[in-house]
Amino acid sequence: MAELAAPPAHLRIQPLGVIVQEVLDDLRQRGTTPEFPTGIPLLDEAVWGLHRSELTVIAARPGEGKTTLAMQICRNLADQGRKVLFVSLEMTRHQLTERLLVQMTQSDAWTLRRGQGTKEFIEKVQPLMSLWGRFNLRFVDGIGYTIEQMRHLISQLESHGGVPDVLVVDFIQLIALEGGLQRFDAIAEYLRALKELAMLHNMAV
């Protein structure tokens, strides 16, 4: 008779009583504010922030501000000392950083894009320089187009300093098609893998 394969290392089979106690301990520690608030009061009231082991999808038509919203949430969480990783499949880390600075200084992105107002913009950024030491926000570009790349990235982080509290992937329509999958099926599989990572590493995605 063939031997049964060993269960995955992360699999834990526990008696219900043990799980109940863990749930009660978690409830005792739960505060009256979201663990990962978005920083947008109406949104936090509706969804109670982001949650560990859960996958949240921001969906809208092109150009309606999905990346800007994600960036605002990341900024709020990083300002509270949370470890945030922003993986971009669309923009470079320099473009993302410029967008972040524009948002924080309430500057006009179109003016900067045309090479105007740079002196005033830099002057607005200077007082923010002391923030970066405590801002645990990291931008990553050029990776994450496949499920395996994303798994490898999280595995590397786990080996070097730990996984983030919150992972943002922007945006999944740009994933690589693998194994002959149609785009709809590929996106569904990618989302399933992100949900798996969220649960496996106890992070909000």
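**Exercise 1.** In this predicted model, determine how the residues lining the largest pocket divide into nonpolar, polar and charged.

*Solution.* Step 1: Sorting the lining residues of the largest pocket by class gives 22 nonpolar, six polar and three charged.

Step 1: The space in this pocket amounts to about 640 Å³. Its lining comprises 31 residues, and those closest to the pocket centre are Thr56, Val57, Ile58, Ala59 and Val169.

Step 2: The lining is then assigned to elements. At least two lining residues come from each of α2 (41-47), α3 (66-79), β3 (166-170) and α8. Helix α3 provides the largest share, namely six residues.

**Exercise 2.** Describe how helices α7 and α8 pack, and state which residues make the contact.

*Solution.* Step 1: Two packed helices are described by the angle between their axes and by the distance separating those axes. For α7 (residues 147-159) and α8 (residues 183-201), the angle is about 15 degrees and the axes lie 10 Å apart.

Step 1: Because angles under 35 degrees count as roughly parallel, α7 is roughly parallel to α8.

Step 2: The handedness of the α7 and α8 crossing is right-handed.

Step 3: From α7, the contact involves Ile147, Met150, Arg151, Ile154 and Glu158.

Step 4: Classified by side chain, the residues of the contact between α7 and α8 comprise seven nonpolar, one polar and five charged.

Methods:
Residues are numbered from 1 along each chain as its sequence is written. This is a predicted model: local features need pLDDT of at least 70, side-chain atom pairs count only at pLDDT 80 or more; totals for chains, interfaces and linings use all residues. Side-chain values use heavy atoms; hydrogens and water are left out. Axes are lines fitted to C-alpha atoms, for helices over the stretch in contact, and angles run from 0 to 180 degrees between N-to-C directions. Helices (H or I, at least four residues) and strands (E, at least two) are DSSP runs, numbered from the N terminus. Angles under 35 degrees count as roughly parallel, over 145 as roughly antiparallel, 65 to 115 as roughly perpendicular and the rest as oblique. A crossing is left-handed if the near helix is turned anticlockwise from the far one by less than a right angle, and right-handed if clockwise. Contact means heavy atoms within 4.5 Å. Ala, Val, Leu, Ile, Met, Phe, Trp, Tyr, Cys and Pro count as nonpolar, Asp, Glu, Lys and Arg as charged, and the others, Gly among them, as polar. On a 1 Å grid over the protein atoms alone, a cavity is a set of points where a 1.4 Å probe fits but cannot get out, and a pocket is an open set with protein on both sides within 12 Å along at least five of seven lines; lining residues have an atom within 4 Å of a point. Grid points are joined across faces, edges and corners, and a volume is the space filled by probe spheres set on the points.
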